[in-house]
Amino acid sequence: MPAPSSSSSVCLLLSLSFVFACLLIFLPISLAKTTNSTRLPRQLSINYYAKNCPQLEQLVGSVTSQQFKETPVSGPATIRLFFHDCFVEGCDASILISTKPGSKELAEKDAEDNKDLRVEGYESIRKAKALVESKCPGVVSCADILAIAARDYVHLAGGPYYQVKKGRWDGKISMASRVPYNLPQANSTIDQLLKLFNSKGLTPQDLVVLSGAHTIGFAHCKHFINRLYNYGGTKQPDPVIDPRLLKALRMSCPQFGGNEDIVAPFDVTTPFLFDHAYYGNLEAKLGLLASDQALFLDPRTKPLVQQLGTNKQKFFQAFSQAMDKMGSIGVKRGRRHGEKRRDCSIHGL
């Protein structure tokens, strides 16, 4: 797990006028999880806990609303956590497991691709789980709490509110070695992204819509530095990037010797609001990651980017549906395949 870093340690004076300090998160196109787990789940339902924990959504909501007020970075941090969880082993809270001391096999959260995940995301789930356990002990899975919390933060940041189906069990496997080939990368091509998403049972439309989660959050310089100085090994910047954005990013992210804590927003126009501006930015050549900008350059994804850029309601509706679909990847059911953890960071006994 990445070492907790206080907001003061990462709040840096950036020369980008649109980068606000103190809400730091890298949410690279981190979208969903699972190996051979694209079969439709069984028995997920909105009212799954209606009898044994009817107040579940209110309990989780009381934590997420408080966290969002105190540390707004908890929003994008938790949404990204959910994406990373679902794309590796399915939506089973395997991302929350801590590596056992002395173990040769690292848990998912300690994989290189997960080291940028903010501690605030883990804290949101820890606090929500503790409250839920105090009211409904041994009933609700960490996987369901993570799915509910991610929805809450989407809504708290200005996005849509959608119903979350529940009934997931927590996964029994959490291995860092299974992470790299299951997560999108900042420089992934559209072909690579389409192949990855297809392996999770997700469509090209799901790729474009779920990428819209980059309407909030931030990325560290290391994930786009090559676009600024040596794109594709040319020793030149990416010719697609807007010159003004290129200049501003270069001021914040020098080619050598830069501060690794510096970040820039995915959405340079409304970085803290969950809206559809992300897509308009791609049309204006203001995408931060190469994998983001590629969505507007490829004829297979460009039309939908253009549609979503002009219709916020269409984006909200499509995003709600895509999150429901992603939240069903690789769902575990029953004691043979899953567990119910009391502590989300430790496998059940």
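Residues are numbered from 1 along each chain as its sequence is written, and side-chain values use heavy atoms, with hydrogens and water left out. In this predicted model, local features need pLDDT of at least 70 and side-chain atom pairs count only at pLDDT 80 or more, while totals for chains, interfaces and linings use all residues.

**The annotated site**

An unreviewed UniProt entry gives the annotation "binding site" to Thr215, Asp267, Thr270 and Asp275. These residues span 61 residues in sequence, yet no two of their C-alpha atoms are more than 9.6 Å apart, so they gather at one spot. UniProt positions are given here in the numbering used for this model, feature names are shortened, and annotations may be inferred rather than shown by experiment.

Asp267 lies in the loop between strand S3 (263-265) and helix H10 (277-283). Helices (H or I, at least four residues) and strands (E, at least two) are DSSP runs, numbered from the N terminus. Thr270 is found in the loop between S3 and H10.

Is Asp267 buried or exposed? Its relative accessibility is 0%, so Asp267 counts as buried. Thr270 is partly exposed, with a relative accessible area of 23%. Buried means under 20% relative accessible area, exposed over 50%, and partly exposed in between (1.4 Å probe, protein chains only).

Contact means heavy atoms within 4.5 Å. Leaving aside residues up to four places away in sequence, Asp267 touches His214, Thr215, Asp275, Ala277, Tyr278 and Asn281. With that exclusion, Thr270 touches Thr215, Asp275 and Ala277. The side chains of Thr270 and Asp267 are joined by a polar contact of 2.9 Å. A polar contact is a pair of N or O atoms within 3.5 Å; within protein, one must be able to donate a hydrogen and the other to accept it, and residues adjacent in sequence count only if both atoms are side-chain atoms.

**The disulfides**

A disulfide is a covalent bond between the sulfur atoms of two cysteines. Here a disulfide is a pair of cysteine sulfur atoms within 2.5 Å. The structure holds four disulfides, including those in the table.

| Pair | S to S | Torsion about S-S |
|---|---|---|
| Cys53 and Cys136 | 2.1 Å | about 75°, right-handed |
| Cys142 and Cys344 | 2.1 Å | about -100°, left-handed |
| Cys221 and Cys253 | 2.0 Å | -60°, left-handed |

Both Cys142 and Cys344 are buried, and Cys221 and Cys253 are buried too. With bonded cysteines counted along the chain, the disulfides follow the pattern 1-4, 2-3, 5-8, 6-7.
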